[in-house]
Amino acid sequence: MIVVTGATGNVGRALVERLVAAGRPVRALTRDPQRAGLPDGAEVVRFQPDDLGAAFTGASRLFLYAQAAGGRPDALLAAARAAGVRHVVLLSSAIVAEGADTTHPIYVMHATVEEQIRDSGLAWTFLRPGAFATNSLQWAPQIRSGNTVRGVYADARSAPVHEDDIAAVAERALLDGGHEGAVHRITGPEAVTNAGQIAAIGRALGRELVFEELPPDQAGPELFPHVPPHTLQGLLKTFRASVGSTPEITDTVERITGTPARTFAQWAEDHKADFQA
């Protein structure tokens, strides 16, 4: 049995679908099983941070989404180990790297969970993806209502990674031997600017979209509705540093799965419906 936390998130959902398709027993943890919409082959269980024992019964492997630990990753890991879980694959972040800003809230969250996993006695694998292609869904409301997208740092560059490519690496880390103690840094195959992402989404939709750059001091909840206020300034700092830079690009997806990482243009084609009214 493989337990998947964050099972209704972008990566968690893709991973559950992959494991079900592979015929593997998977228990998907979610706070609202009735609305999860997960494949019939998955055992969908309500995630209750205060009562974790049943979640891990009979399981040997765990896919952990750092934010799913509910602020108590130590308790979650202890419950998993007591129930017989032997290997945890963590969805961490590429921000955890040598020379990184160790005060950045996203760094602190993921590095703290990594440290607690190392101290847990469990075998571990850390996945450190860079920018998610799904971050561009923040622009979906604007794209549905017009052809001008307002945002910050038009020339900020990243190598956005398809959520299913992250899930594919997670699947192999969970099912294949040899990933224990490994850190896998995961990116898309090419550098794309924010403006370039908007243009690619436009091509997928058959429309000409224009990126209108705003000063960063005008960025707020309307532009980043899913970003907690205490992390927004750190995120803007990261965007500013990426203007004109060359982002990290790895071959991790192809090396581990045997299939090349998908481009942002491919991601946009896969997600056309998300940008249509």
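**Reading burial, salt bridges and packing in a predicted model**

Reader: Where does Tyr 153 lie, and what is its phi?

Author: Tyr 153 belongs to the loop that runs between β7 (148–152) and β8 (157–158). Its phi is near 55 degrees, a positive value in a residue other than glycine.

Reader: Are Arg 18 and Glu 171 buried or exposed?

Author: The two partners fall into separate classes. Arg 18 has 25% relative accessibility and therefore counts as partly exposed. Glu 171, at 7%, counts as buried. The reasoning rests on a cut-off: buried means under 20% relative accessible area and exposed means over 50%, so values in between are called partly exposed.

Reader: Which residue does Asp 176 pair with in a salt bridge, and which residues are joined with it into one network?

Author: Asp 176 pairs with Arg 172, and their closest N and O atoms are 2.6 Å apart. Both partners are partly exposed, Asp 176 with a relative accessible area of 30% and Arg 172 with 22%. Through shared partners, salt bridges join Arg 18, Asp 164, Asp 165, Glu 171, Arg 172, Asp 176 and Arg 262 into one network. A further bridge, between Asp 32 and Arg 35, has an N to O distance of 3.9 Å. Here Asp 32 is partly exposed at 29% relative accessibility, while Arg 35 is exposed at 71%.

Reader: What does Leu 15 touch, and how many residues has the largest nonpolar core?

Author: Beyond residues up to four places away in sequence, Leu 15 touches Val 4, Phe 63, Ala 167, Ala 170, Glu 171 and Leu 174. The largest nonpolar core has 29 residues, and those with the most contacts inside it are Val 4, Leu 15, Val 16, Leu 19, Phe 63, Leu 127 and Ile 186. Two or more residues of this core come from each of β1, α1, β2, β5, α6 and α9 (252–257). Helix α6 gives the largest share, 7 residues. Another core, of 21 residues, lies apart from it and includes Leu 52, Val 88, Val 113 and Phe 126.

Reader: How many aromatic pairs does the structure hold?

Author: As a general idea, a pair of aromatic rings is described by the distance of the centres and the angle of the planes. The structure holds 4 aromatic pairs. In one of them, the ring centres of Trp 267 and Phe 275 are 6.0 Å apart and the planes stand at 75 degrees, so the pair is edge-to-face. Both residues are buried, Trp 267 with a relative accessible area of 0% and Phe 275 with 1%. Together with Phe 264, these two form one aromatic cluster. A ring may also meet a charge: the charged end of Arg 118 sits over the ring of Trp 124, 5.1 Å from its centre.

Reader: Finally, where is Gly 58 found, and is Gly 58 buried or exposed?

Author: Gly 58 is found in the loop between α2 (53–56) and β4 (61–65). With a relative accessible area of 59%, Gly 58 is exposed. Leaving aside residues up to four places away in sequence, Gly 58 touches Met 1 and Ala 83. Its C-alpha atom is separated by 20 Å from that of Asp 40, 18 residues apart along the chain.

Key:
Residues are numbered from 1 along each chain as its sequence is written. This is a predicted model: local features need pLDDT of at least 70, side-chain atom pairs count only at pLDDT 80 or more; totals for chains, interfaces and linings use all residues. Side-chain values use heavy atoms; hydrogens and water are left out. Buried means under 20% relative accessible area, exposed over 50%, partly exposed in between (1.4 Å probe, protein chains only). A salt bridge is a side-chain nitrogen of Lys or Arg within 4 Å of a carboxyl oxygen of Asp or Glu. Helices (H or I, at least four residues) and strands (E, at least two) are DSSP runs, numbered from the N terminus. Contact means heavy atoms within 4.5 Å. Rings of Phe, Tyr and Trp (its six-membered ring) pair if their centres lie within 6.5 Å; planes under 30 degrees apart count as stacked, over 60 as edge-to-face and the rest as tilted. A charge sits over a ring if NZ of Lys or CZ of Arg is within 6 Å of the ring centre and within 35 degrees of the ring normal. A nonpolar core is a set of buried Ala, Val, Leu, Ile, Met, Phe, Trp, Tyr and Cys residues joined through side-chain atoms within 4.5 Å.
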